[in-house]
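Reader: Can you walk me through this one? Keep it brisk, please.

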Amino acid sequence: MKQLFISTLLALTASAWAQAPANVDVKDAWVRATVAQQTSTGAFMQLSARADTRLVEIRSPIAGVVELHEMAMEKDVMKMRAVKAGLTLSAGQPVELKPGGYHVMMMDLKGPVKAGDVVPVTLVFEGKDGQRSTLDVKAMARALGNAAAAAPAAADHSQHKH
């Protein structure tokens with residue numbers, strides 16, 4: 001019995017170690033609630049790494065496709081594009097995923113996202129040593145009219161297609 005307890009404890013410790021986040025803190029995670037027939041939405045948060053790392057993948061069970069996107073001005077036109085190479089997080093330098101800048105794009109939604117819903121998001125980080133780790137985040141859905149969640153019209157992704 002004692003050996004079983006020790007084996008179980010070691011297995012749980014190893015599992016927790018493998019799932020440990022890559023020294024990244026997440027603050028103010030939220031997702032924009034959707035309206036009827038909307039098939040995409042954005043997720044936003046602040047990331048702070050204690051050691052240099054990269055955000056290399058994002059997943060959520062509420063969407064068929066989840067990508068890191070960037071909004072940027074190009075010749076007086078706001079353009080959005082997927083960031084395929086990941087996002088570098090320098091130690092001690094907070095990075096804001098926000099409307100009108102870097103953000104998480106959730107497409108092919110499996111259902112509506114209502115204000116007050118808690119949306120699970122999994123962030124995958126890669127350290128300088130190539131080791132990957134995950135961090136599970138619970139993001140609160142906010143209504144479009146919420147002043148804190150409002151974004152410039154250029155950042156509206158309701159008609160976004162890939």
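Author: A definition to start with. Two strands pair if DSSP finds at least two bridges between them. Strands (E, at least two residues) and helices (H or I, at least four residues) are DSSP runs, numbered from the N terminus. In β7, the bridge partner of Q46 is E96.

Reader: Before we go on, what kind of model is it, and how are residues numbered?

Author: This is a predicted model, where local features need pLDDT of at least 70, side-chain atom pairs count only at pLDDT 80 or more, and totals for chains, interfaces and linings use all residues. Residues are numbered from 1 along each chain as its sequence is written, and side-chain values use heavy atoms, with hydrogens and water left out.

Reader: What does the pLDDT average?

Author: The average is 82, and 76% of the residues score at least 70. pLDDT is the predictor's confidence in each residue, from 0 to 100. Residues 4–21 fall below 50, and that stretch has 6 contacts (heavy atoms within 4.5 Å) beyond near neighbours in sequence. Residues 149–162 are also below 50. There the model has 31 contacts beyond near neighbours in sequence.

Reader: How many helices and strands does the protein have?

Author: It has 1 helix and 10 strands. The order from the N terminus is α-β-β-β-β-β-β-β-β-β-β.

Reader: And how much of the protein is buried?

Author: Buried residues are 40% of the 162. Buried means under 20% relative accessible area, exposed over 50%, and partly exposed in between, with a 1.4 Å probe and protein chains only. Among contacts between residues at least 6 apart in sequence, 69% join residues at least 24 apart.

Reader: Back to the strands. Which strands does β2 run antiparallel to?

Author: β1, through 6 bridges. Also β8 (residues 102–109), through 4 bridges. And β7 (residues 95–97), through 3 bridges.

Reader: Which residue in β2 is the bridge partner of D25? And what stands opposite S40?

Author: D25 partners S48. Opposite S40 is M107 in β8.

Reader: Is β2 enclosed or open?

Author: 10 of its 10 residues are buried, so β2 is largely enclosed by the rest of the structure. S40, G42, F44, Q46 and S48 point one way. T41, A43, M45, L47 and A49 point the other way, and all are buried.

Reader: How many aromatic pairs are there?

Author: The count is 1. The rule takes rings of Phe, Tyr and Trp (its six-membered ring) with centres within 6.5 Å; planes under 30 degrees apart are stacked, over 60 edge-to-face, and the rest tilted. W30 and F44 make a tilted pair, 4.5 Å centre to centre with 35 degrees between the planes. W30 lies in β1 (residues 24–32) and F44 in β2 (residues 40–49), so the pair ties together parts that are 14 residues apart in sequence. Both W30 and F44 are buried.

Reader: New topic. How many salt bridges?

Author: 8. Each is a side-chain nitrogen of Lys or Arg within 4 Å of a carboxyl oxygen of Asp or Glu.

Reader: Why would such side chains pair?

Author: Side chains of opposite charge can pair when their charged atoms come close.

Reader: Which side chain does K128 meet?

Author: That of D52, at 3.4 Å, N to O. K128 lies in the loop between β9 (118–127) and β10 (132–142), and D52 in the loop between β2 and β3 (53–59), so the pair ties together parts that are 76 residues apart in sequence. K128 is exposed at 74% relative accessibility, while D52 is partly exposed at 35%.

Reader: What does E57 form salt bridges with?

Author: With R59, the closest N and O atoms being 3.1 Å apart. And with R132, at 3.9 Å, N to O. E57 lies in β3 and R132 in β10, so that pair ties together parts that are 75 residues apart in sequence. R132 is partly exposed at 48%.

Reader: Which residues does the network link?

Author: Salt bridges link R54, E57, R59, E126 and R132 in a network.

Reader: Last thing. Which phi does D76 have, positive or negative?

Author: Positive, about 65 degrees, although D76 is not a glycine. D76 sits in the loop between β4 (63–74) and β5 (77–82). D108 also has a positive phi, near 55 degrees. D108 is in strand β8.
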